[in-house]
Amino acid sequence: MATRQAVVLGARFGGLAVVTWLRRVYSPQTLDIVVIDRWEETIYRPGLVHAMTVEPLQVVPPVRMAMAAFWKRHHVQFIHDTITGLDPQRRQIYTVSHPPISYAALFVATGSDPGWDTVDGLGPHRGGICEGYLARQTASNLTPRPPRRMVFAAGMIHGNPAWTPQISVGCECPLLESALLWEDRLRRSGLREDADIVVLTPAATIAESAGPQAQQWLRQAFSRRGIRVITGASYKKVTDSEVILADRRIDYNGSLWIPPYIGASWLRGSAIEDGYGWIPTDGYLNHPDYPDIYAVGDVASHPWPKMGHSAMVQARIAVRHWYGVQTHRPLPRPYHPELLWAMDTGGGRGLFVQSDVFYGGTREIVHSGYWPWAAKQIFQKTYVSLRGALPLMP
Ligand SMILES: Cc1cc2nc3c(=O)[nH]c(=O)nc-3n(C[C@H](O)[C@H](O)[C@H](O)COP(=O)(O)OP(=O)(O)OC[C@H]3O[C@@H](n4cnc5c(N)ncnc54)[C@H](O)[C@@H]3O)c2cc1C
C-alpha cells in the first residue's frame, strides 16, 4: 500500500482519463487510486445516438465497457457505490454503503445530473439517449412504427449566471446528430415524405458554441433535409402530444430529449460547489479554495464545451498540475476551451468541427464527408476496446 491515496469520483470520460494520466506519473507503490461510481460498467455515450438506427438490443453492446480488467491493470480499487457528499476539511468522501473514504487528492468527474423535473411534464419516459437503458428504451419506442412527428429537443443548462460567455444548452451535438440519423433512416426506408422532424433548442442559434462556418453548414444541411429547427425554445410544459413553448405548441408523437443540465445533485450545499451545482476551478481545473481538489469534465463550473474531448484534455491538465505541484516540476499550460465535434450525419458521412471562436479564438476547422465518419467509428472502437485508456493527447 502506498502512503498517499488519490480518489477519483466518476468513471466515464473525465474519471477514466484521470486514472490513465495518474498511472503514467505515479506507480502503484507511490500512489493508491480509488475510483467511485454508481455504475459497475461504464458506457461510451457518443455511441448511444445509434438508438436512431439499430434494433433496441443492438444499442448498448457495442458501447458497454466492463471495467474489471482495466482496474486490475491500472491497480485501481473500484468502489461501486453512490456518492452522497464530502468533507473538504477532513478530506473525506461519503457514500451510501461504505465508510468514509480519505484522499490526499480528489478528482471530481461526476458530470451533470439530468434535470428532467425542471420542465412540467418532462421525464425520462419522453425519450432519452444519455444512459444505455434510456437509449435502448428509445430505440424500442421507435422500432415497431416509426413516429410520423418526431421532436428532438435540447433542455437548457442551469448554469452559473457569472459564466462568460453564457451558454444555453449543455450538449447539443448528440441531439443534432440523432435528428440527422433519424432523417436518414426514414429516407432509406421510404418513409421520409410523410414524416415531420423538428429540432428544438433554447439557444439563439443552432450549434451555439461552434463557429460560424459549422453553424452555416448545419443550417444548410437541416434545411436541405427538410428538418425544421426552432431556436430560442422556452419550454413551458410537455404533454403526451405537445411540447408547449412560450410562443407556440409543437405537435408530436415521438420525442427524444437531451435533458436540462443542472449540475451535480450530490454536491448541493457542499463547501466546494458554486451555489448552482457546479465546481469552480482555475485554468488547471484546481479548486480556488481547496488545492487538493480538482474538477474535470461536465461538472466544472465553466461554459466550456461539456464534451468528452474537453473532459479528457482537462484530466491531463489536472493530473499534470497536481504532479507538478507535488514534485516541483514545470506546470502544464492552463486549459484553453475548444469545441471538438465528430458527428455521424448518416449514410456513411460525417461532420468534423474544431473551433474556439465562441471562446474568443480564431480557429475554426470544418470538414464533412467520409473521413469524419470513419474517424468517429475508429475512435469509438478503440476507446471501447481499450476501456478509455487511449494514447491520450500530449
Ligand atoms: C448521447 C450523448 C452523446 C455524446 N456524444 C459526444 C461526442 O460525440 N463527443 C464528445 O466529445 N462528447 C459527447 N457527449 C458528451 C460527453 O458524453 C460528456 O461530455 C462526457 O460524458 C462528460 O464526461 P464526465 O466524465 O465529465 O461526466 P459523465 O460522463 O457524466 O460521467 C459521470 C460519472 O459519474 C458518475 N456519478 C455521478 N454522480 C454520482 C454519484 N452521486 N455517485 C456515484 N457516481 C456518480 C456517473 O454514474 C457517471 O459514470 C455526448 C453525450 C451524450 C449524452
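**Entry 1: the two domains**

I looked up how far apart the domains lie: the centres of domain 1 and domain 2, taken over C-alpha atoms, are separated by 31 Å. I note that the model is predicted. The domain assignment gives domain 1 as 5-38 + 81-113 + 263-327, and domain 2 as 116-260. I then checked where the two meet, and found 10 residues of domain 1 in contact with 11 residues of domain 2. On the side of domain 1 that touches domain 2, I recorded 5 nonpolar, 3 polar and 2 charged residues.

**Entry 2: the parallel sheet**

I turned next to an open sheet of 5 strands, which I traced in the order β5-β2-β1-β9-β17 with parallel pairing. Which strands stand at the edges? They are β5 (76-80) and β17 (293-295); each has a single partner strand, so one side of each is left without a neighbour in the sheet. On average, and with direction ignored, neighbouring strands of this sheet are turned by 15 degrees against each other.

β1 (residues 5-9) and β2 (residues 32-37) pair in the parallel sense over 5 bridges. I picked out V8 and found that its bridge partner in β2 is V35. Helix α1 (residues 13-25) packs on the sheet, where I saw it touch β1, β2, β5 and β9 (105-108). The direction of α1 makes about 160 degrees with that of β1.

**Entry 3: α1 against α6**

I stayed with α1 and examined its packing with α6. Two packed helices are described by the angle between their axes and the distance between the axes. For α1 and α6 I noted an angle of about 35 degrees and axes 8 Å apart. The crossing of α1 past α6 is right-handed. On α1, the contact is made by F13, G14, A17, V18, W21, L22 and V25. From α6, the residues taking part include G308, A311, M312, A315 and Y323. I recorded the residues of this contact as 12 nonpolar, 3 polar and 1 charged.

**Entry 4: the shell around the ligand**

Which residues come nearest to the ligand? Of the 34 residues around the ligand, I found that these are G10, G14, P46, G111 and G297. G14 was already in my notes, as one of the residues by which α1 contacts α6. I then asked which elements supply the shell: α1, β2, α4 (173-188) and α6 (308-327) each give at least two residues. Domain 1 and domain 2 each contribute at least three residues to the shell. By kind, I counted 19 nonpolar, 9 polar and 6 charged residues in the shell.

**Entry 5: antiparallel strands**

I looked up a hairpin next. Strand β18 (residues 339-346) is joined to strand β19 (residues 349-355) by 7 bridges, and the two run antiparallel. There are 2 residues between the strands of this hairpin, and G347 takes a positive phi near 65 degrees. I found A342 bridged to F352 in β19. F352 also stands opposite H367 in β20. β19 and β20 (residues 364-369) pair in the antiparallel sense over 6 bridges.

Last, I examined an open sheet of 3 strands in the order β13-β14-β15, with antiparallel pairing. Its edge strands are β13 (235-238) and β15 (249-251), each pairing on one side only. Neighbouring strands here are turned by 20 degrees against each other on average, direction ignored. β13 is joined to β14 (residues 242-245) by 3 bridges, and I noted I244 in β14 as the bridge partner of K237.

Terms used:
Residues are numbered from 1 along each chain as its sequence is written. This is a predicted model: local features need pLDDT of at least 70, side-chain atom pairs count only at pLDDT 80 or more; totals for chains, interfaces and linings use all residues. Two strands pair if DSSP finds at least two bridges between them. Helices (H or I, at least four residues) and strands (E, at least two) are DSSP runs, numbered from the N terminus. Axes are lines fitted to C-alpha atoms, for helices over the stretch in contact, and angles run from 0 to 180 degrees between N-to-C directions. Two residues are in contact if their C-beta atoms, placed from the backbone, lie within 7 Å. A residue is near a molecule or strand if its C-beta atom, placed from the backbone, lies within 6 Å of it. Ala, Val, Leu, Ile, Met, Phe, Trp, Tyr, Cys and Pro count as nonpolar, Asp, Glu, Lys and Arg as charged, and the others, Gly among them, as polar. Domain bounds come from an automatic or database domain assignment. A crossing is left-handed if the near helix is turned anticlockwise from the far one by less than a right angle, and right-handed if clockwise.
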